[in-house]
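Reader: I am new to reading structures. Can we go through this one feature by feature?

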Amino acid sequence: MVPLSGYLTISAFLFTLGVLGVIIKRNPIVVFMCIELMLNAVNLSLVAFARHHPNPTANANLAETVLTGHMFVIFVMAVAAAEVAVGLGIIMAIYRVRKKIDVDDMSVLRG
Amino acid sequence: MNDSFAIVWWVPGLALLGFLFQAMLGKWLVDRLGAALGKRLLGTMAVLPIAAGFVISVILLQKVLALPETAKYAVQTLFTWIDVHPLLVPFEVLVDPLSVVMCLVVTGVGGLIHVYATGYMADDDDYPRFFTYFNLFIAFMLVLVLANNLVLMFVGWEGVGLCSYLLIGFWYRDVFNAKCGNKAFIVNRVGDWGFMLGIFLVFVVFGSVSLYASPENGGRSILQEAPDVLAQFFGDPSLGNPVFWIPILLFIGAMGKSAQGPLYLWLPDAMAGPTPVSALIHAATMVTAGVYMVSRCHVLFELSTEAMLLVAVVGAFTALFAATVAFGQFDIKKVLAYSTVSQLGYMFLACGVGAFATGMFHVVTHAFFKALLFLGSGAVIMAMAHEQDMRKFGNLRKYLPITYACMVCGWLAISGIPPLAGFWSKDEILAKVFGAGGMFGDNAAWALYAIGLGTAVLTASYMTRMMWMTFVQKDERWRKLPETHHHDDAHSHHELDPHHTPKEPYLCVWVPVAVLALLSVVGGIVLAGGGFILPAFPHYFEVFTHFSVATEIAHTAHLSVPLEWLLAGVSVLGAVVGIAWSIRSYRVQPQDQELGVEVEGWRAKAFAQWGYDGMITRTFVDQGGRFAVVLWRWFDAGLIDKVFVNGIPKLIETVGHAIRPLQTGYVRGYAAAMLFGVVVIIGWVFLSAVAR
């Protein structure tokens, strides 16, 4: 069995990759993909933790012992999907007005 | 509580209604009915409430006389005015001998002055405004004299101050008059400051401000409780000896209103107002308020010999000082103004030696003859085309025989010639001062008596000077005036020129003068004379006011009858000497009457009030102005405006400018900032975990 540290290393690598992408990319589509990457890194660690550290206080109920982390993952994916739907809608709207979607261009909204 | 006294509310009430009538309908009526008829109606409506007030005062006099000797007072409550525990101030008035006497003087003499004013002001366009103020003045003065607590008295006190301001500056289009009104108001405020502090201290010490007890004010009476309450404070330093400070603070208030000592300055300038105003302020109302208040609160004064001595000394000093200044004046009304200051000093001198009843008696007789003198001088001023400089008068007895005859009564009365009114009160004051040795020590009493007597000589002398320059001297000095060519406009006052012929004033002007002349002649002998000549006849005034003011001052000596006769003789001698001296110098030598010649020597100094007015102006007005400029430049413009009002926004703006570049609007910038923050927090948590 692969140890927990292996999963966490990959998760940290993916998360860092995502953060870097968010910071340095100018295309909002790519930024979104990077956010997905960060979310998935988190999902990975959630699942790994659930597997390696089952809830000791719970009784034999499977759902309570092992599936807590999985449920979190489902929630994260659902929220991420909703967020992307909204985000893409905004990006479409911006594109219609300005004919480009460079994120630096959006800095006109600064304070 | 006696409901048969409820009628007292009409005394100030009617004056107040008169004020409302003048204020609301006055101008409308004049516009509607035309100037002549409208003014006649308004004049009548102005006099009526005061006359009715006088009639009611007479009824009150009857009622008070009928009260038992031990409780000669009645308190009437209208409503509770201030009720903030523990301060309870009902709106209530006090009817007792003292307030009734004052009501009679205010409505009686004040009413006569109203009658006079209907004639004097007949040519003035602001007729309704004048009588609005006039009636309000009387209303406030009646509130002052009738008030049963110091707070309500203060309402009247401020009210007459307001009305004096309005009336002195009545002809406000001339900036000088407006300034005189300001001066009166500001100087009075200095005194009011003392009076207010006195009221506060009274409340702190007594827990009440009511003069006489009634169920509505919680049955408290500062006058009746004073000896007991203040006895606790002898030697208690925590309140700085209220036994001394209460009377002193109240006296500072009285000094302002009654133009004493350092605060007399406003009164001569009050001459800027129309003559009836001068008469009303000087004789019947405002300036007597201080003497009245001191007499009213006499219990508080009597407990402190130091305070009494201060009152006496300030009074004596003011009497002498103002009498000397009167010699330097050429404005006929200013002579009378300084004379008023001097006579008020006399009244305070009487109060200072504990002769409060005598002081009030002088208030009454002074109201008669000073009102007479003012109204008489007003008649002269009218006859001389509103010229007030005595250097331009002379020989007026030929043209104004009635005015002259009346003025002679006033002149002899104020000089202290028996049996006219002034003699009785003035001689009584001097006798009481003479007997004050037990109180202040013989030396002090002698000094005060000497000042009083000297003032009496000077009074007789400067009044003679005024009479001689105005009426008696043969040369008609206005004949020497340069010719003035002016258009004969019926509406404008024509100027005094060599062809001017003085004429006696209208009927409604000289009739009040004549009535006052009669009062000046008989007023004293009727009220006080009996007891002096025949012991069987009482001194009516003293007997009547006994309940309110005549308390036995323990140390005042009772003078023997021969000594009283001697003192009276000395007083009369002093008056005769003063008159003779003036007649001699003004008959033989025309001294300062030459037109256009500046006076020199001591008269010039006297004219300038021995430099006092100038000193005050330099010290307080000029330096105060400089101080205000400093405050404005450094504190207001420098500190408030520059540092606070403009400085704080500037600081925020600068900081905002400095950190504005941080808000780039780049999403990645914000994300990097968040990342940085997260790293710092995690690092900090990690390091602290390691350290533990």
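Author: Start with a way of sorting residues. Ala, Val, Leu, Ile, Met, Phe, Trp, Tyr, Cys and Pro count as nonpolar, Asp, Glu, Lys and Arg as charged, and the others, Gly among them, as polar. Keep in mind that this is a predicted model.

Reader: How many cavities of 30 Å³ or more does the structure hold?

Author: It holds 1. The largest cavity has a volume of about 40 Å³.

Reader: Which residues line the largest cavity?

Author: The lining is made of S415(B), G416(B), F423(B), K426(B), D427(B), L430(B), A456(B), S571(B) and A575(B). Now apply the sorting. The lining divides into 4 nonpolar, 3 polar and 2 charged residues.

Reader: Which elements give two or more residues to that lining?

Author: They are α18 (421-434) and α23 (561-588) of chain B. The largest share, 4 residues, comes from α18(B).

Reader: Let us turn to the two chains. How do I read an interface?

Author: The size of an interface is often given as the accessible area lost when the parts come together. Here, the area buried between chain B and chain A is about 810 Å². Carbon and sulfur atoms give 65% of that area. The side of chain B that touches chain A has 5 nonpolar, 3 polar and 1 charged residues.

Reader: How many residues are in contact on each side?

Author: Chain B has 9 residues in contact with 8 residues of chain A.

Reader: How many salt bridges does the rule find across that interface?

Author: Between chain B and chain A, the rule finds 0 salt bridges.

Reader: What is the idea behind a salt bridge?

Author: Side chains of opposite charge can pair when their charged atoms come close. A search of the whole structure finds 10 salt bridges over all chains. One of them joins the side chains of R189(B) and E158(B), at 2.3 Å from N to O. R189(B) sits in helix α6 (residues 175-206) and E158(B) in helix α5 (residues 150-168), both of chain B, so this pair ties together parts 31 residues apart in sequence.

Reader: What should I look for in the backbone?

Author: Look at peptide bonds and phi angles. The bond from H85(B) to P86(B) is cis, with omega near 5°. P86(B) is in the loop between β1 (74-84) and β2 (87-95) of chain B. The bond from P418(B) to P419(B) is cis too, with omega near 0°. P419(B) is in the loop between α17 (401-415) and α18 of chain B.

Reader: And where is K99(A) found?

Author: K99(A) is in the segment after α4 (68-98) of chain A. Its phi is positive, about 60°, although K99(A) is not a glycine.

Methods: Residues numbered from 1 in each chain as written. Chains lettered and ligands numbered in written order. Predicted model: local features only at pLDDT ≥ 70, side-chain atom pairs only at ≥ 80, totals over all residues. Heavy atoms only, no water. Contact = heavy atoms within 4.5 Å. Buried area = accessible area lost by both parts, 1.4 Å probe. Salt bridge = Lys/Arg side-chain N within 4 Å of Asp/Glu carboxyl O. 1 Å grid on protein atoms, 1.4 Å probe; cavity = no way out; pocket = protein on both sides within 12 Å on 5 of 7 lines; lining within 4 Å. Points joined across faces, edges and corners; volume = space filled by probe spheres on them.
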